[in-house]
Structures are given as structure tokens and as C-alpha cells.
Amino acid sequence: MAETLARSNFIGAEAPAGVRPVTLLRRPTAKTGLVAWLTTVDHKKIGLLYGAFAAFFFLLGGVEALLIRTQLIVPNNHLVSAHFYSELFTMHGTTMIFLAVMPLNAAFFNLLVPLQIGARDVAFPRLNAFSLWVFVAGAIILNVGWFLQAGAPAAGWFGYAPLTSKLFTPDISADLWTVGLQVLGVSSIVASLNFIVTIINLRAPGLTMMRLPVFCWMTLVTSFLLILAMPSIAIALVEVIFDRHFGTNFFEVSNGGQPILWQHLFWIFGHPEVYILILPPMGYISEILPTFARKPLFGYPIVVFSGAMIGFIGFGVWSHHMFTTGMGVVATSAFALATMAIAVPTGVKIFNWIGTLWGGHLRMRVPMLFALGFIWMFMMGGFSGIMHAAAPADTQQHNSYFVVAHFHYVLIGGATFALLAAIPYWLPKFSGRLVPEFWGKLSFWTIFTGFNATFFPMHFLGLNGMPRRTWTYDADMGWNTGNLVATLGAYLLGIGILIYVATVIWSCFKGERAGPDPWDARTLEWSIPSPPPEYNFAVLPTVHARDAWWYEKQHREETAREEAAHAKDEAAHGGIHMPAQSWYPLFAAAGLLTAGLCFAHYSLAGSLVGVGILLLSVYLWALEGPGGYHLHPGESGGGAPDHAKP
Amino acid sequence: MSTATATLSHPHDPGTATGIPHKKLLLWAFLASDCMFFGTLISSHLVYRQHPPPGNPVATQVFDIELTSFSTFILLMSSLMMALAVNAIQRGKVRAMRSSLLTTAFFGLIFLGCQVWEFWHFVYEKHMTITNSIFGSTFFTLTGTHGTHVAVGVLWLLSMYAYSFKKGFDQRNAVDVESMGLYWHFVDIVWIVIFTAVYLLEYVYPVSPVR
């Protein structure tokens, strides 16, 4: 077998040179304008698109949150109806998790991973574009309900059965939710497969796994989590969809179904999901702290190993979301123990971040403030999490505002703060401009204060019995002050976010210009111009150590010699091979969008049309082949396309 | 991890860090994910069969185990045909690959035909439908999903068959046929698990029906 592999020509080949491609639609070559963006396969453009959409939905989710908080500012308020309130908290959660944080992480996977591993793009550029447009399709399906009579989904972001059954939610809001999430699942799984192959197979020469930047490791673990966890919710959604559309009995108690199965299947996905949300942010922090402490990451191998352990153990704790469902002593204890165990690798990472800072020369720039804020706020979220792990205590905390406090500390204080650190840190690389220090720091302090004012009181609200997801509360429960402070804090947080967003947008146009390496950083993305050229690296680097760019800066002569030798090789091969743009990822996603929307509206004909468009696009995508064209360093834009050799 | 083993086959291709072609690695990762899909469906079935409600069909009275054993065998044989197809293209024998591909697809169609007959039999003669019992719901969803995977595989096989007539199709396309082979073998293995956990299990560890 190995001999066959060695003898034959196909190792590593993307397309056999033999068969000519069939192109119904010519490969687009536009480099600017709408067509360029719609047909791009460039990971950098795709990353920016993910980021732009995610930022929009982040703000939308924020509006939903402010409406929730305003409804709760005083007891017995009637700003919104009870049903609309259910739509608000459902969509706030769904939007923030699936349409804001996950795609923001996807944006960074796209922008950074190929650069950090010394590659020119991901392994499957068209598949990458497909993931992006399918994400947009899912976002549309989830939000179209706002404009329909059925309304937006209103059964909570976790859609417990039997509330999602036809009996209890007869309108199509539940169909939009289930189908929308299903479509988003396709996007996530496909993107993760792409990144797994990219990180494993496209590393530059010399880049061993234990020299990978921690962010790339976290991307790899997250991708594995996604491909292994999403199937659970996908099948759970299939079961709800089948119950609603075809009358099956998966959650129909009268015919043998058990709604508790939904809870298990959802949380078997749902718990790994929270690690999917937090591992990439831990990656950003692991890159940012060393730069601003001017020290390498403390304990790199154990940080990597802990990340993998968190991912692994994360599959074994799901029923800590179900402590009050009567699973029995054995199950409850087992999950409580596993949940406490998972705090260990998490704590190990925090100690290593502190070790990175210790004795370092700290520079308090904007990304560093958010990164330091992350360490502290995420720890606080971890402390309330550990309190939940004690099942008897959780019996009181479950479904109370204590849980709301916990997950907002880890998701805002943790994930969001890390994202807010990553944006000003990497903005100079992709826009060529810096974020101004004063406005960045002002936004930090406003956000930090507003965030704590909003969510710290919720610990007490929860311990004092205020339940989640309730539209209003009576004046004599003792919850008035807590809610008032939380709402005012939320407005302050909103102002802070607005300052931040305005600052970032302003910076993209008017910010101080940055060179390739404004932070004197350590990883390969800082070795190329800002913004990067289309082909990323004029010459693919050779990696000799962890923190490859730092090594290159200390060994300039050796690096220059290697690059000169490689440049000769690449020129001799005809230049840099670039992937060609394509319409089919967009068309295939449009087919999926059509199918999803029509299916959610119980239209068989429309669904079949959508599936037909999807299948046709996939066929033509396969037949057009990878294509590609050549560039020489310093050139930009499509050279003559390669035709397959006969 | 050594980089010296990365082979430059296509002049513009920097090779792969592992020596495994991208498409193959992608398919392996996809199969890991697909395992979890089937795992969830099989788990749902196994969980629900423990507590049958009144009126739930008794599996041993519904199944035609001889037919299902036959179709299982056919699917296994189709995997053999698939392996032969892969072997043929690796040695550059396109004609032999084509006939093996066609045979694989043919056996796959026989399997599907048996499934269709079986489903028709369950619905119209044994009166077990996807809606009228929990056993029906889990059974038809699980085996229907598997059948859909087989159908997609057959389409893929026939497409590859047609594609193999294009000028220039040769040994260099082996990675595509191998990837398809991986998928087909996976679908076969999943069926072995389903046959065991859904069919054979009922004969070895029957669940007493609730009166």
C-alpha cells in the first residue's frame, strides 16, 4: 500500500492534471466590487465577512438584551408582552451564541490560521466560502420570523421538548428555529473539517505540532469538538422536526416518547458548545499576553495539553445542566465529579497565564487591558461555575439568575473580553491601522464597569430566588434594587460597546498607520506586510522553533539565506499558485437557504427546488475543479488562469 | 514530525505535511463526524426500546430476518467490489475499475431494493409506520437515514463511473476513488452495527411488551 502511494503521482495533488474541468460558469476574476466579495475564496476576505456579519448580529443581540433589561428595570413592568419577552430572551441567546461569538471565532480562524502556519490559504478554499454563505443562510432563517406573523423563535435558546412540539408551539417559529440551527450546523461542521485538514496538512516546513501557536492548537481542538458534538444536536433537531412535520413520536409521551431525551441530546452538544465558545478566546489570550509581557508563554506544552483535556472531559459533563431532573444519585454524583475535574485543566491554564506575566515587562496597551480583564472576569465565572458543580447547591441555583450571572461572566467576561482584545491586536495586521489608545482604553473601562454592574448583582438575585426567563416580578420579592442596578449597568455596557465599535470603525479609515509588526510580536502573521498581500507570504517560511517570527528576528541572516533559496525554487516552478474564485459555494448556500425556508413553511415543492439548486451547484462545483492561477510576489490580482494539462 | 517526506508531485503543490492527500484526510474527519450522527440515532433507538408503550410492535413478529440477512450480505459483497475498484485504479486499470464500480452500485441498489420491500412490508402488512409507534419512529428514522447514505453513495458511484470515461482519467484519480471507497465501507460498517443493535438484538435480548 505504501509502495503504491509512493509510486503513484497523487500524493498531495489537489486535482489530477488529467481530466479537463467542465466550466458552465467562468471562474470570476474580479478583485474589487461586489462580485469579488461574493465569489471570494481568499481566507482573509472570508474572515472579514464572518467578522462583519458577526458584528452586526452582536449588536442585534445587544439590542435584544437591552429590551430585556428595560422590561425588568422595575417590578410589574409592561414594556413588552410576555410572548415578545420570550422571543427576546430566546433570540438574544441564540443570536449571541450562534450568530455572534461563534462566527467571530470563525473570523479569527480564517484570518489567522493560514498565516500562523505559514500557508497561502486553507486546504479547501471553496468549501471555506461555502461555510460562510451557509452561515449567512442560517442567520436569515433564524431571524426571518421577526417579519412574519409567527414571530421569532420563542422556546428558549435550548428549545426544550415538548414546548417545541406542534401542540405547544403550533406556529412556524419552532420550525424556523430548528431548521435555522440545522443549517448553521452544516456551516460549522464543514468549516471545522476544513480547518482540521489545514492545520494537520498545510504547516510550513519545520512547523511541528509542538511548535504551533497556541491559537492554532485551540482552533484544532475546537474543530474536533464541533465535528463530534454537532451531530448530537443535529439528530435531536431531526427528531423534533420529524415530530412536527411527519408525526413521529420521539417526544410524544402518549406514544412512548420521552422529552428528557431532548435534554440529554441537546446538552451532549450544549456542553462541548461552551468549550467551543471559550477555547479560541483562550487562544487569543495565549498569543496576546506573551507579546505585551515580552516573555514567551509559560508552560506551552501544559497549556496545549490542558486545552485538549478540557475538550475531552467536556464531553463527559453534560448532565450538570440536568441535576434537578431526577437522574438518580449515581448519575448526579458522577457528573458533579466530572464537572469539578474539568476545573483543573482550566485552572492550570490560568496559572500559566499568570506565569507568563510574572517577571515580564508589561505594556498596558488596549489589547492587554482586555486580556487582563479576561483573566480576572473568567476566573469569577469559573468560581460560580464550581459552585454549580456541587449538585445540592445547584438545586437552588438551577434556573435562577445565579446561572445567568455565571454564564455571562464566562461568556462576556471570558469569551467577549478576549474577542475585544483580539480585535485591536490584529486590526493593524489586516487593515494596516492602529486603534487609538485613549478611546480604546475608555471603551475598556466603560465596558468593564458596565459589565460588572449588570451581572454582579445577578449572583445575589439568583441566591435570593429570582427565576430565569420570567417576564416580570412582584415588588415585594426583594429584587427591585438588584434589577435596577443591573439595568443601569446594561445601559453603561451598551454605551461602552458603542464607543468600542465606533472607535474600531474610525480606526479602519483614520487610524494611525501600522507597519508589519507594530507590537514586536512573536508569530508568523507579523512577518508579512499590513495588510497582507493576496498570496500571504512571498516565500513560504521555514520554522525552526516555537514563536517562529521571534526566532526569525533573532536570526536574520539565517532566515534571509533560507528565503533566498526558497524564492529561487518557487520562481522556478512558475510562481505562486493561487486558488481561483467560484460562484458555486454561494449558489449552493442559496439552494440550502431556499430549501430551509420552504421546509420551515411546510412547502414540499419549494424544499425540492432548493435541494435541486444545492445538488446542481455541488455537481458543477466538483466538475469545475480547483482551477487556479499563478502570481509572482509583488503582483496582485489574477494572472492568466491555469488550464488543466491534457 | 518530519517534513522531508512531503512529496512534491504537482509542481505548484507544496505537498502535505503528513503525506496523506487533503481529500482523504477530509473524508476521514467527516466519517468521524458521521459516526456521531449514527451513534445518536442508534442511542435513541436503544433507549426507547427499553420502555415500550402499550401497542408497541414486537420486533421479532415484524422483522423478516432472512431477507435482512440477505441484504446485509449483499452490502458486504458490495464493499468487496468497492475494494476491487480501488485496487484496480491504483494499478491504473481503468476498465477493471469501471466494472467493479458498476457492480458495487448494482449491489447497493439491490440492498436499497430490499429496504424498500421491507419498509413496504412493515407498513402495509405488519401495520408498523413511522408515526403509529415509538419503535416505528426510531426504526424508520435510523434505517431511513442509513438508506439515504447508501443512495447518496450509489449516486456518487454512478457519477464516478460516468466521469471515468472522460479523457485523462487515470491512476492520478485514485485518491478520488479511494475517498469514495472510504465512504462506502463506512456505510457498510454502520449497517453491520445497525443490523446487530436493531435486528439481531431483538432475538437475543427481547423486551417484554407492555400489555
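How many helices and strands are there in chain A? There are 19 helices and 2 strands. Helices (H or I, at least four residues) and strands (E, at least two) are DSSP runs, numbered from the N terminus. This is a predicted model, in which local features need pLDDT of at least 70, side-chain atom pairs count only at pLDDT 80 or more, and totals for chains, interfaces and linings use all residues. Residues are numbered from 1 along each chain as its sequence is written, while chains are lettered from A and ligands numbered from 1 in the order in which they are written.

**Figure 1. Chain A as a whole.**
The C-alpha trace of chain A spans about 80 × 65 × 50 Å along its principal axes. Buried residues make up 56% of the 646 residues. A residue is buried if 20 or more other C-beta atoms lie within 10 Å of its own, exposed if 12 or fewer, and partly exposed in between; C-beta atoms are placed from the backbone. Take the contacts in chain A between residues at least 6 apart in sequence: 81% join residues at least 24 apart. Two residues are in contact if their C-beta atoms, placed from the backbone, lie within 7 Å.

**Figure 2. Confidence at the two ends of chain A.**
The mean pLDDT of chain A is 94, and 96% of its residues reach 70 or more. pLDDT is the predictor's confidence in each residue, from 0 to 100. Over residues 1-16 of chain A, pLDDT stays under 50. The model has 36 contacts beyond four places in sequence for this stretch. Residues 638-646 of chain A also have pLDDT below 50, with 22 contacts beyond near neighbours in sequence. Where pLDDT is low, the predicted coordinates should not be read in detail.

Domain 1 covers 42-537 and domain 2 covers 573-633. These bounds come from an automatic or database domain assignment. The domain centres, taken over C-alpha atoms, are 28 Å apart. In chain A, 20 residues of domain 1 are in contact with 20 residues of domain 2. Helix 5 (125-143) and helix 6 (173-201) of chain A each supply at least two residues of the domain 1 side. Helix 5 of chain A gives the most to that side, with 9 residues. The residues of the domain 1 side divide into 14 nonpolar, 1 polar and 5 charged. Here Ala, Val, Leu, Ile, Met, Phe, Trp, Tyr, Cys and Pro count as nonpolar, Asp, Glu, Lys and Arg as charged, and the others, Gly among them, as polar.

**Figure 3. The loop between helix 5 and helix 6 of chain A.**
Ala155(A) sits in this loop. Is Ala155(A) buried or exposed? Ala155(A) counts as buried because it has 22 C-beta neighbours inside 10 Å. Leaving aside neighbours within four places in sequence, its contacts include Thr90(A), Leu163(A) and Trp177(A). Pro162(A) is found in this loop too. A cis peptide bond joins Ala161(A) and Pro162(A), with omega about -5°.

Helix 14 (residues 437-463) of chain A has 27 residues. From first C-alpha to last, helix 14 reaches 39 Å, close to the 39 Å expected. The expected span is 1.5 Å times one less than the number of residues. Gly465(A) follows helix 14, with a positive phi near 95°. Helix 17 is hardly covered: its count of buried residues is 0. Just after helix 17, Gly574(A) takes a positive phi of about 105°.

**Figure 4. Backbone details in two loops of chain A.**
Asn399(A) lies in the loop between helix 12 (391-397) and helix 13 (401-431). Asn399(A) is not a glycine, yet its phi is positive, about 65°. With 15 C-beta neighbours inside 10 Å, Asn399(A) counts as partly exposed. Asn536(A) is in the loop between helix 15 and helix 16. Its phi is also positive, near 65°. Asn536(A) is buried, with 22 other C-beta atoms within 10 Å. Pro531(A) is placed between helix 15 (480-510) and helix 16 (548-554). A cis peptide bond joins Ser530(A) and Pro531(A), with omega about -10°.
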